[in-house]
Amino acid sequence: MKLFSYIKRKIKENIHEIFHHDHLIVVVLAWIITAFWATLFINFSLFDPVSRALSEFKMTDIYFSIERMGHSVKWSDDIVLIDITEQTDRGEIAQTLRDLAACQPKTVMMDVIFEKEGEDMIANGELISAIDQLPQPVLSCKLIASSTEQGKFVDVLKSFFEPFGTYTWAYSNVLKSNGPNGTLRDYTISQKLDTATYYSLPYLAACQYMGKKPSVEPNNKRTILYSNVEFPIVRYDSVLLNKPLIKGKLAMVGTITEEADMHFTPIGKMPGLKTVAYAAETYIGHHEISSMSNIVSGLLTLIVCLIAGYAGYLTRKKSPRFFIYWNKLVYLVISVVFAWIGFLCFVKYDYDISLLLPLLGVAFIERARIHYMWFIDYCTIHPQWKRLYAFAQKSLYFKPPKK
C-alpha cells in the first residue's frame, strides 16, 4: 500500500511533466523519422538487404526462441513421423506401410506423390494395396497455378493410382514470405480449383485425427507455431518395434533428410514433413492465433512511445551528465518488458501483439528528442519570432537566453 501511495503522490506532483505536449511532439517526430527511413529502405535498391531483413523479422521468432531456451522441449502426444528417406523401391515402401497399418495409428498422412506409374507393375500393385490398408489415409497432391494469373489454380498433380480408387487428397503447396527462398511461417486451410475445394495437408490430417469434418473457414491463412514441441521420428526399418509409440497417433509418412525438401523456418532449416507436423500440431492444440488489429496496434505504439519519451526526459533531467548511458538502459528495459508481455500473451492466450512499430518508435525516440531540443533552442535565440518564442517558453526544454 505504501508503494501505491508513493506512486500516486509522485504522479500528482509531476502531472504537468507527465502529460506535457513535448512528449507527444517527440513521439510524432520519432514516427516521421521511422517513416523516412522506411521509405528509403523500400524505394532504394541500396537498402534492399536491410529491407528484406526487416520484412522477414517477426516478434514470433523471438517468442519461439524463448520457448526453446534451456532445452525445455516436450514430445508431441499426437504426431509421430515415419522416415522413408532411404527407400526408393515402391515394394519396400509398401512393406513399410503394411507395418505401419499393423501398428494401428488413428490416421496416416503421406507427404509423398508417386507421380509416374513406373515399370514395376507388381510393386505398383503392392503400393496401392498397402495404401488401402491404412486407416483414414490422407494423400498428398500439388495444386498447379496459372503462369499468367498468380494465385489461381488451374490443375492438380496427384499420384498415378488416382483413377483406381476413392482417396482423400490434400495439397502440399506451401506459403512462404518473400518468394521461394523465404521463411515458412504460415499455412492455408483451403484453396479453390474451379468449383472443387481442396484442403491443405496439415489441416485435413488434423481434422481426420480429431474426428472433425473439414470446412472452408473465414480465416484461411494461419500462423504455424514452431513451439518447444518435438516429434518422435521412426525409421522405416523399425516401425513394428515402435508400435506403442505409433498406436492411436497421427502418423505422417515422408522424408526427413532429403535436401530438396528443406525449408527455412523461424527456428532454422527444417524438412517439409516436419513443417507439416508443426502446422497440424498448431491446429490440434491452438486452432487459431488472434492478431492485434491496426487500430489497437497504433494505440499501443502511441502508449509505448509516450512512456519511452517521458522516461527519457526524466533520465535526462535527473542525470544530466550521464543520461546518454542511462537512456540506453531505460529504453532496453522498456523494450524487454513489452516483449515479455507480448510473449506471455502469445504463449498463454494465443494472441499476437504487434510490437515491431512500438519498438521501432522507441529506437528513434532519442534522435527525435535531439531534433526537437534543437528547434526549441533555435526559437529561444530568436525572440523576434513572437509566436515561436512563446511556444518555446512553454516547453520543458526551454532555457532562457543569457543576458
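Trainee: Tyr313 and Tyr397, are they buried or exposed?
Mentor: Both Tyr313 and Tyr397 are buried, where buried means under 20% relative accessible area, exposed over 50% and partly exposed in between, with a 1.4 Å probe and protein chains only. Bear in mind that this is a predicted model, in which local features need pLDDT of at least 70, side-chain atom pairs count only at pLDDT 80 or more, and totals for chains, interfaces and linings use all residues. Residues are numbered from 1 along each chain as its sequence is written, and side-chain values use heavy atoms, with hydrogens and water left out.

Trainee: How many aromatic pairs does the count come to?
Mentor: The count comes to 15 aromatic pairs, taking rings of Phe, Tyr and Trp (its six-membered ring) with centres within 6.5 Å, and calling planes under 30 degrees apart stacked, over 60 edge-to-face and the rest tilted. One of them is the tilted pair of Tyr310 and Tyr313, at 6.3 Å centre to centre with 35° between the planes.

Trainee: Where do Tyr310 and Tyr313 lie?
Mentor: Both are in helix α11, residues 294-318, and they sit three residues apart, about one turn of the helix; helices here are DSSP runs (H or I, at least four residues), numbered from the N terminus.

Trainee: And what is the geometry of Tyr313 with Tyr397?
Mentor: Their ring centres are 5.8 Å apart and their planes stand at 85°, so that pair is edge-to-face. This pair links distant parts of the chain, since Tyr313 is in helix α11 whereas Tyr397 is in the segment after α15 (386-393), 84 residues apart.

Trainee: New topic: which residues do ring pairs link into a cluster?
Mentor: Phe160, Phe161, Tyr167 and Trp169 are joined into a cluster by ring pairs.

Note on methods: Helix = DSSP H or I, 4+ residues; strand = E, 2+ residues; numbered from the N terminus.
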